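User: I'd like to go through this protein and check what each label rests on. Can you take my questions one at a time?

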Amino acid sequence: KHLRRERDRVIVESLLLGLGRSNSFRATPVLMNKAKRRGPQRLPAISALTLHGFKHHNGRAFLLDLLKSRYWQDRVLVVDGIGNTGDQSLAASVVSVLNDDQWQVRLAAIETLRKLRSAEWVEPLILQLEVEERLRLQKAIGQTLFVITGQNPYMDAPSWTGWWLAARSDFVMSKEIPVPHKSSGTISKGFYGLALD
């Protein structure tokens, strides 16, 4: 009721977030209604809906359908939301946007697959690394592959491909997340406060 009459944008966003956090299925249709309309409430409503909407049949279908939205911001919010659920059954939907036209969506997908850790994502990530042109995304793929496999060919797609061809038949992912090796020597150089590899 408050949301219907409230005009202050900050309060509206807080109310939408509160509905998302409420975990109430009664909130799902309200958030879906706001998310369907263009305007300043759309993105906060989608973001709020990802907090519990995947548990609701209609909410889940609506959110997964947004992965085909013409607005890349919608796709990023849904992919991030999938990562926050920890639900492995939704990860296949994330793999489908690994080659999205918008780099922000690809980055969100890579980071979500890092959170959802599964050996199933090694091959799609290596294939994406082979064609990815953005250095930032190449680095993110290398980090995600390391977190999944414990191996560290970094951003070298041919090395990853060779390793995976040899290892995939008997590869078992460790339950523990690997920690990067710290050595006294480093390949990183500093340049005006930026760490460059």
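User: Which residues in helix 10 are buried?

Analyst: Leu 137, Gln 138, Ala 140, Ile 141, Gly 142, Thr 144, Leu 145, Phe 146, Val 147, Ile 148 and Thr 149 are buried there. Buried means under 20% relative accessible area, exposed means over 50%, and partly exposed is in between, with a 1.4 Å probe and protein chains only. Keep in mind that this is a predicted model, where local features need pLDDT of at least 70 and side-chain atom pairs count only at pLDDT 80 or more, while totals for chains, interfaces and linings use all residues. Residues are numbered from 1 along each chain as its sequence is written, and side-chain values use heavy atoms, with hydrogens and water left out.

User: What makes helix 10 "mostly covered"?

Analyst: Eleven of its 15 residues are buried. Those buried residues pack against helix 8, helix 9 (122-131) and helix 11 (157-167).

User: How do you know that residues 135-149 are a helix, and what span does helix 10 have?

Analyst: Helices are DSSP runs of H or I with at least four residues, strands are E runs of at least two, and both are numbered from the N terminus. Helix 10 has 15 residues, so it passes the length cut-off of at least four. The expected span is 1.5 Å times one less than the number of residues. Helix 10 reaches 21 Å from its first C-alpha to its last, close to the 21 Å expected. Gly 150 follows, with a positive phi near 85°.

User: Why is His 52 called buried?

Analyst: His 52 has a relative accessible area of 1%, so it counts as buried, the cut-off being under 20%. His 52 is found in the loop between helix 4 (42-49) and helix 5 (57-65).

User: Why is Arg 134 called partly exposed?

Analyst: Arg 134 has a relative accessible area of 40%, so it is partly exposed. Its place is in the loop between helix 9 and helix 10. Leaving aside neighbours within four places in sequence, Arg 134 is in contact (heavy atoms within 4.5 Å) with Trp 103 and Arg 106.

User: What makes a set of residues a nonpolar core, and which members of the largest one touch the most others?

Analyst: A nonpolar core is a set of buried Ala, Val, Leu, Ile, Met, Phe, Trp, Tyr and Cys residues joined through side-chain atoms within 4.5 Å. Of the 47 residues in the largest one, Val 78, Leu 125 and Leu 145 touch the most other members. Helix 8 (residues 103-115) gives the most to this core, with six residues. Leaving aside neighbours within four places in sequence, the contacts of Leu 125 include Ile 110, Leu 113, Ile 141 and Leu 145.

User: How many helices and strands are there, and how much of the protein counts as buried?

Analyst: The protein has eleven helices and two strands. Of its 197 residues, 39% count as buried.
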